[in-house]
Amino acid sequence: MTEEASTDFDNLLFGIRRSIRYHDRRVSYYEWLHKLILLATLVAGSFSIVLTTEFANTWPGWLQILPPAFISVLVSIDLVVGTVSKAKLHNGLKQQFTFLESRMQKNGEEDNRKLREWESDRLSIEALEPPVLRVLDTLCHNELLRAMGYKSDYKPLGFFQRAFAHVIDIGADTL
């Protein structure tokens with residue numbers, strides 16, 4: 001196998017591993033968001049019960065409506081965002097990329113025909129992906145470089161870029 005094909009194999013494998021990390025982070029984020037909403041709903045529900053049973057005569061009526069309204073807003077956000085379905089989607093994509101990586105590792109560096117087949121499989125999986133958040137993808141890129149022991153190609157990210165990587169691409173055009 002030529003050195004160029006070996007480099008193509010390594011680049012494809014690196015991209016697949018980065019995609020696995022990316023989707024793993026998305027699954028974790030959506031599961032965390034869902035659990036946070038459930039926790040806030042539980043607390044607001046408990047507070048609502050206490051307000052209506054213990055303080056029904058002493059607290060004004062408008063104040064007693066706030067916890068149920070808060071619960072409705074949280075549940076609506078959870079349904080609109082679709083935290084559970086998005087977590088399942090990203091988990092499925094991660095599994096497909098992991099399966100592809102496993103096939104590549106098992107077969108090793110083969111000829112260009114096999115490499116093109118794996119690239120085609122990768123593109124087929126990527127076609128199912130929602131739009132990629134570039135800042136989060138860069139974060140995964142940097143993390144994978146560190147994990148594999150590479151000392152170069154890091155792309156610096158600012159505090160706000162890292163903090164909001166799951167929500168919005170801040171300064172993605174500079175990466």
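Predicted model: local features only at pLDDT ≥ 70, side-chain atom pairs only at ≥ 80, totals over all residues.

Visitor: How much space lies in the largest pocket?

Guide: The largest pocket holds about 300 Å³ of space. It is lined by 22 residues, and those closest to its centre are Arg26, Tyr29, Tyr30, Val81 and His166.

Visitor: Which elements give two or more residues to that lining?

Guide: Those elements are α1 (3–54), α2 (61–81) and α3 (83–107). The largest share comes from α1, with nine residues.

Visitor: And how does the lining of the largest pocket split by class?

Guide: There are 16 nonpolar residues in the lining, with three polar and three charged.

Visitor: What about the second largest pocket, what volume does it have?

Guide: Its volume is about 150 Å³. The residues lining the second largest pocket are Thr7, Asp10, Asn11, Leu13, Phe14, Arg17, Met148 and Tyr150.

Visitor: Which element gives the most there?

Guide: α1 does, with six residues. By class, the lining of the second largest pocket has four nonpolar, two polar and two charged residues.

Visitor: Change of topic. How many salt bridges are in the whole structure?

Guide: A search of the whole structure gives ten. One of them joins the side chains of aspartate 24 and lysine 94, at 3.2 Å from N to O.

Visitor: What does the pair of aspartate 24 and lysine 94 tie together?

Guide: Aspartate 24 is in helix α1 and lysine 94 is in helix α3, so the pair ties together parts 70 residues apart in sequence.

Visitor: Is aspartate 24 buried, partly exposed or exposed?

Guide: Aspartate 24 has a relative accessible area of 35%, so it is partly exposed.

Visitor: Which residue forms a salt bridge with arginine 25?

Guide: Glutamate 143 does, and the closest N and O atoms are 2.6 Å apart. This pair links distant parts of the chain, with glutamate 143 in helix α5 (residues 134–148) and arginine 25 in helix α1, 118 residues apart.

Visitor: How accessible are the two partners?

Guide: Glutamate 143 is partly exposed at 23% relative accessibility. Arginine 25 is also partly exposed, with a relative accessible area of 26%.

Visitor: And where do aspartate 121 and arginine 103 lie?

Guide: The side chains of aspartate 121 and arginine 103 meet in a salt bridge, 2.2 Å from N to O. Aspartate 121 lies in helix α4 (residues 112–126) and arginine 103 in helix α3, so the pair ties together parts that are 18 residues apart in sequence. Aspartate 121 is partly exposed at 22% relative accessibility, and arginine 103 is partly exposed at 23%.

Visitor: Which residues are linked in a network of salt bridges?

Guide: Arg18, Arg134 and Asp137 are.

Visitor: Last topic, α2. How many residues does it have, and what does it span?

Guide: α2 has 21 residues and reaches 31 Å from its first C-alpha to its last, close to the 30 Å expected at 1.5 Å a residue.

Visitor: Where does α2 bend?

Guide: At proline 67, by about 25°. Proline 67 is also one of the buried residues of α2, together with Gln64, Ile71, Leu74 and Asp78.

Visitor: What follows α2?

Guide: Glycine 82 does, and its phi is positive, near 70°.

Key: Residues numbered from 1 in each chain as written. Heavy atoms only, no water. 1 Å grid on protein atoms, 1.4 Å probe; cavity = no way out; pocket = protein on both sides within 12 Å on 5 of 7 lines; lining within 4 Å. Points joined across faces, edges and corners; volume = space filled by probe spheres on them. Helix = DSSP H or I, 4+ residues; strand = E, 2+ residues; numbered from the N terminus. Nonpolar A, V, L, I, M, F, W, Y, C, P; charged D, E, K, R; others polar. Salt bridge = Lys/Arg side-chain N within 4 Å of Asp/Glu carboxyl O. Buried < 20%, exposed > 50% of the residue type's maximum accessible area, 1.4 Å probe, protein only. Expected span 1.5 Å × (residues − 1). Bend = angle between axes of the 7 residues up to and from the residue.
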